[in-house]
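I opened this model to look up its sheet, one of its helices and its aromatic pairs. My notes follow.

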Amino acid sequence: MNTEDNLGVLIASSRKISDNGSLVIYNLTNGIDFSDPRKVADALATVFFEKDASKWFKTEGDHVEFNPTYKVRILLAEEHNKLLGKTVTDFLEDLKSKELNLKFSKQIKDISTNEEKLRTVVGLAAIGAFFNRPFEKKDDKLEIEDQLFTELLGSMEIRTPDNSDLIDWENLPI
């Protein structure tokens, strides 16, 4: 088993469900080596998405419905200071760009394409939409990704054991 697989196993084993099932806690305060924040963030994003977040989304055609049934709290130890911030930032970026985007890429593309088609039908805006199509299409996809990502953030916390919030809400990857 390589280091990345082992890291994923360690993170998955830190996952505990509350008695009433309303909260899942990933306690990463012990046993995780944060010397490479990028690897920790990548493994955490993969485990969190596979074990929890993917179950909160239901897709029908190009419609994506978000319906979380519990909240997730990720606990990180304060002694990792600078590495902690880097890990959280990388985790959020991975969660959005790798896990969320890859899982729902078809729906994101379909929704942005359909919205673009509707826009091109509307009056004089059709000419501008035609010339700006590649840019609008990319912006639409990012907007949809951002919406899914912010919905996901509403059902999770990243905190220290003393309950300090570790998410930098002013610098989210949106």
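Strands here are DSSP E runs of at least two residues, helices are H or I runs of at least four, and both are numbered from the N terminus. Two strands pair if DSSP finds at least two bridges between them.

The model is predicted: local features need pLDDT of at least 70, side-chain atom pairs count only at pLDDT 80 or more, and totals for chains, interfaces and linings use all residues. I number residues from 1 along each chain as its sequence is written, and side-chain values use heavy atoms, with hydrogens and water left out.

Back to the hairpin. Lys58 stands opposite Glu65 in E4. The hairpin has 2 residues between the strands, and Gly61 takes a positive phi near 60 degrees.

Next, the open sheet. It has 4 strands in the order E1-E2-E5-E6, with mixed pairing. The edge strands, E1 (15–17) and E6 (156–159), each pair on one side only. Strand E2 (residues 23–27) runs parallel to strand E5 (residues 71–75), with 5 bridges. Val24 has Val72 in E5 as its bridge partner. Helix H2 (residues 37–56) packs on the sheet and touches E1, E2, E5 and E6; its direction makes about 175 degrees with that of E2. Contact means heavy atoms within 4.5 Å. Axes are lines fitted to C-alpha atoms, for helices over the stretch in contact, and angles run from 0 to 180 degrees between N-to-C directions.

I then checked H2 for bends. There is a kink of about 55 degrees, centred on Phe49. The bend at a residue is the angle between axes fitted to the seven residues ending there and the seven starting there.

Last, the aromatics. I found 5 aromatic pairs. Ring centres must lie within 6.5 Å; planes under 30 degrees apart count as stacked, over 60 as edge-to-face and the rest as tilted. Phe48 and Phe91 have centres 6.0 Å apart and planes at 65 degrees, so they are edge-to-face. Phe48 is in H2 and Phe91 in helix H3 (residues 81–103), 43 residues apart. Phe48 counts as buried at 0% relative accessibility.

Conventions
Buried means under 20% relative accessible area, exposed over 50%, partly exposed in between (1.4 Å probe, protein chains only).
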